[in-house]
Amino acid sequence: MALDDRDRRLLRLFTAVVLGRWSAVVELRRRAPPGEPDRTWREALLQAHVFAGFPRAVEAYGVLASAGGLGELEPDERLGEPERHARGRELFERIYGAHAERIRRVLEHGHPDFAAWIEGHAYGRVLSRPGLSPAKRELLAVAALAALGQDRQLASHARGSVRCGADGADVRAVIDAIRDLIEPERAARADEVLEHFAR
């Protein structure tokens with residue numbers, strides 16, 4: 001899997017939304033080539049609240065609506081499904097591998113309901129949706145976590161990207177795609193983390 005221009009635009013869109021860089025979001029929408037925005041854009045926006053919170057996602061929808069919208073939903077795109085704990089558990093274990101049970105315990109130690117929300121909502125309802133492959137969703141997670149300076153989670157999702165089918169070089173290339181959107185110190189630190197964990 002090699003990052004193409006479409007992937008880079010999606011990474012940039014997602015990072016700009018996570019950081020609230022609304023002028024960059026508008027510019028990406030204005031420069032979108034024919035065929036975009038498409039389902040991948042809409043899936044990335046649905047995923048944004050997992051990393052940036054509902055207020056940022058709500059704002060992103062408003063900004064994009066005023067800049068031309070996100071295109072028409074495909075017939076099978078509206079799932080309206082409940083949380084899927086079994087599906088979430090499967091994806092969680094795929095991403096975290098041998099560390100999944102330890103990470104689950106850490107989340108449960110914080111609060112058991114929070115751990116259930118992570119697995120049932122974030123992984124079972126959002127991150128396992130059709131429309132974007134697990135590898136591409138993990139690359140979006142890498143972009144968000146690098147932009148937010150969350151190095152420990154960045155390391156976990158870098159490994160998860162590879163476990164889900166991304167190439168280590170593609171994981172490291174995420175930072176190059178978003179470098180101008182994030183703080184230089186965070187980009188440098190992300191480069192270090194990914195050099196070590198994206199293999």
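This is a predicted model: local features need pLDDT of at least 70, side-chain atom pairs count only at pLDDT 80 or more; totals for chains, interfaces and linings use all residues.
Helix 1 spans residues 5–19, and helix 2 spans residues 22–30. The two helices pack at an angle of about 150°, and their axes lie 8 Å apart. Angles over 145 degrees count as roughly antiparallel. Helix 1 and helix 2 are therefore roughly antiparallel to each other. The crossing of helix 1 past helix 2 is left-handed. On the helix 1 side, the contact is made by Arg9, Arg12, Leu13, Ala16 and Val17. Helix 2 contributes Trp22, Ala24, Val25 and Leu28. By class, the residues of this contact are 7 nonpolar, no polar and 2 charged.

Within helix 2, the residues Ala24, Val25, Val26, Leu28 and Arg29 are buried. Their cover includes helix 1, helix 3 (39–52) and helix 4 (54–66). Of these buried residues, Ala24, Val25 and Leu28 also take part in the contact with helix 1.

The largest nonpolar core holds 64 residues. Leu11, Leu13 and Tyr123 have the most contacts inside this core. Helix 8 (residues 134–148) gives the most to the core, with 10 residues. Leu13 also belongs to the contact between helix 1 and helix 2. Residues up to four places away in sequence aside, Leu13 touches Val25, Leu28, Trp41, Leu45 and Leu64. Val25 and Leu28 lie in helix 2.

Helix 8 also packs against helix 9 (residues 151–163). The angle between them is about 160°, with axes 9 Å apart. That angle makes helix 8 roughly antiparallel to helix 9. Helix 8 passes helix 9 in a left-handed crossing. From helix 8, the contact uses Glu138, Leu139, Ala141, Val142, Leu145 and Ala146. From helix 9, it uses Gln153, Leu154, His157, Ala158, Gly160 and Ser161. The residues of the contact of helix 8 with helix 9 divide into 7 nonpolar, 4 polar and 1 charged.

Arg42 is located in helix 3. A residue counts as buried under 20% relative accessible area. Arg42 has a relative accessible area of 7%, and is therefore buried. Neighbours within four places in sequence aside, Arg42 is in contact with Pro37, Tyr61, Leu70, Gly71, Glu72, Leu73, Glu74 and Glu77. Charged residues in this set include Glu72, Glu74 and Glu77.

Technical notes: Residues are numbered from 1 along each chain as its sequence is written. Side-chain values use heavy atoms; hydrogens and water are left out. Buried means under 20% relative accessible area, exposed over 50%, partly exposed in between (1.4 Å probe, protein chains only). Helices (H or I, at least four residues) and strands (E, at least two) are DSSP runs, numbered from the N terminus. Contact means heavy atoms within 4.5 Å. Axes are lines fitted to C-alpha atoms, for helices over the stretch in contact, and angles run from 0 to 180 degrees between N-to-C directions. Angles under 35 degrees count as roughly parallel, over 145 as roughly antiparallel, 65 to 115 as roughly perpendicular and the rest as oblique. A crossing is left-handed if the near helix is turned anticlockwise from the far one by less than a right angle, and right-handed if clockwise. A nonpolar core is a set of buried Ala, Val, Leu, Ile, Met, Phe, Trp, Tyr and Cys residues joined through side-chain atoms within 4.5 Å.
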